[in-house]
Amino acid sequence: AVIGLAEEKGKLTPGQENMQQMKFLIGVWESETDDGMSQMKYEWINNKSYIMLVAGDYREIFGWDLKDKEIVSWGFGTHGGQGTTSWTKDGDTWKGKPKSPLLNRWGKEFVRSRTMGIDDEAKLKTTWEIQGESGEWKTISDIANKVAPKKEKRAKGRKSKKADSEE
């Protein structure tokens, strides 16, 4: 065995164990925006140690920070914006505060805080405090509905690729 890579069979890593708190995100979520329908897909990656969000050209990876012992996310914007967010749970809501400033493509801070959680109607509610073009801070929110997974057609007696990857 390679030193540092051996793991105990059947035991979750700290990342896998702590990321279970955010499993409510897994799936495809849709919301209606001024520009039409918007879709966000949250999926497990790296043996359920991380959750990746894909929303258009935006990517964000949520994971357990082994050093600081907290859930963080690393966001990568459409035009080169980036940032790191620290997440804490407050009841049924997750609150995100920038660990490093969330910067737009010109290197200017543009997100001050975020929250996300499931509301009473099983919808994903997300709120951002963002800075507008003229420098004013405003709050925007989004409510998304979970999209039912599509059933895959498969040969009789064979598992789907998705079933294989979830084991």
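**Reading the model**

Guide: The structure holds seven salt bridges, a salt bridge being a side-chain nitrogen of Lys or Arg within 4 Å of a carboxyl oxygen of Asp or Glu. This is a predicted model, in which local features need pLDDT of at least 70 and side-chain atom pairs count only at pLDDT 80 or more, while totals for chains, interfaces and linings use all residues. Residues are numbered from 1 along each chain as its sequence is written, and side-chain values use heavy atoms, with hydrogens and water left out.

Visitor: Which residue forms a salt bridge with Glu 60?

Guide: Side chains of opposite charge can pair when their charged atoms come close. Here the partner of Glu 60 is Arg 114, and their closest N and O atoms are 2.9 Å apart. This pair links distant parts of the chain, for Glu 60 belongs to strand E4 (residues 58-65) and Arg 114 to strand E8 (residues 109-118), 54 residues apart. Helices (H or I, at least four residues) and strands (E, at least two) are DSSP runs, numbered from the N terminus.

Visitor: Are Glu 60 and Arg 114 buried or exposed?

Guide: Buried means under 20% relative accessible area, exposed over 50%, and partly exposed in between, with a 1.4 Å probe and protein chains only. Glu 60 counts as buried because its relative accessibility is 1%. Arg 114 is buried as well, with a relative accessible area of 8%.

Visitor: With which residue does Lys 99 form a salt bridge?

Guide: Lys 99 pairs with Asp 65, the closest N and O atoms being 3.1 Å apart. Lys 99 is partly exposed at 35% relative accessibility, whereas Asp 65 is buried at 16%.

Visitor: How far apart are the closest N and O atoms of Asp 90 and Lys 95?

Guide: They are 3.0 Å apart, and the two residues form a salt bridge. Asp 90 is partly exposed, with a relative accessible area of 43%, and Lys 95 is partly exposed at 37%. Elsewhere, salt bridges that share partners join Asp 65, Asp 68, Glu 70 and Lys 99 into one network.

Visitor: How many helices and strands does the protein chain have?

Guide: The protein chain has two helices and 10 strands. From the N terminus on, the elements run α-β-β-β-β-β-β-β-β-β-β-α.

Visitor: What do the strands build?

Guide: Two strands pair if DSSP finds at least two bridges between them. In this model, a closed barrel of 10 strands runs E1-E2-E3-E4-E5-E6-E7-E8-E9-E10, with antiparallel pairing. E4 and E5, for instance, run antiparallel and are joined by seven bridges. Arg 59 stands opposite Phe 76 in E5.

Visitor: Which residues have the most contacts inside the largest nonpolar core?

Guide: A nonpolar core is a set of buried Ala, Val, Leu, Ile, Met, Phe, Trp, Tyr and Cys residues joined through side-chain atoms within 4.5 Å. The largest one has 16 residues, and those with the most contacts inside it are Met 22, Met 40, Tyr 42, Phe 62, Ile 71, Met 116 and Leu 124. Strand E2 (36-45), strand E3 (50-55) and E4 each supply at least two residues of this core. Contact means heavy atoms within 4.5 Å. Leaving aside neighbours within four places in sequence, Met 22 is in contact with Ile 51, Phe 62, Ile 71, Trp 94 and Met 116.

Visitor: Where is Thr 78 found?

Guide: Thr 78 is in the loop between strand E5 (70-76) and strand E6 (82-90). At 45% relative accessibility, Thr 78 counts as partly exposed. Residues up to four places away in sequence aside, Thr 78 touches Asp 57 and Tyr 58. Thr 78 and Tyr 58 are 20 residues apart in sequence, yet 5.3 Å apart in space, C-alpha to C-alpha.

Visitor: What is the phi value of Asn 47?

Guide: Phi of Asn 47 is near 60°, a positive value in a residue other than glycine. Asn 47 is found in the loop between E2 and E3 and is exposed, with a relative accessible area of 56%. Lys 69, which is not a glycine, has a positive phi of about 55°. Lys 69 lies in the loop between E4 and E5 and is exposed, with a relative accessible area of 56%.
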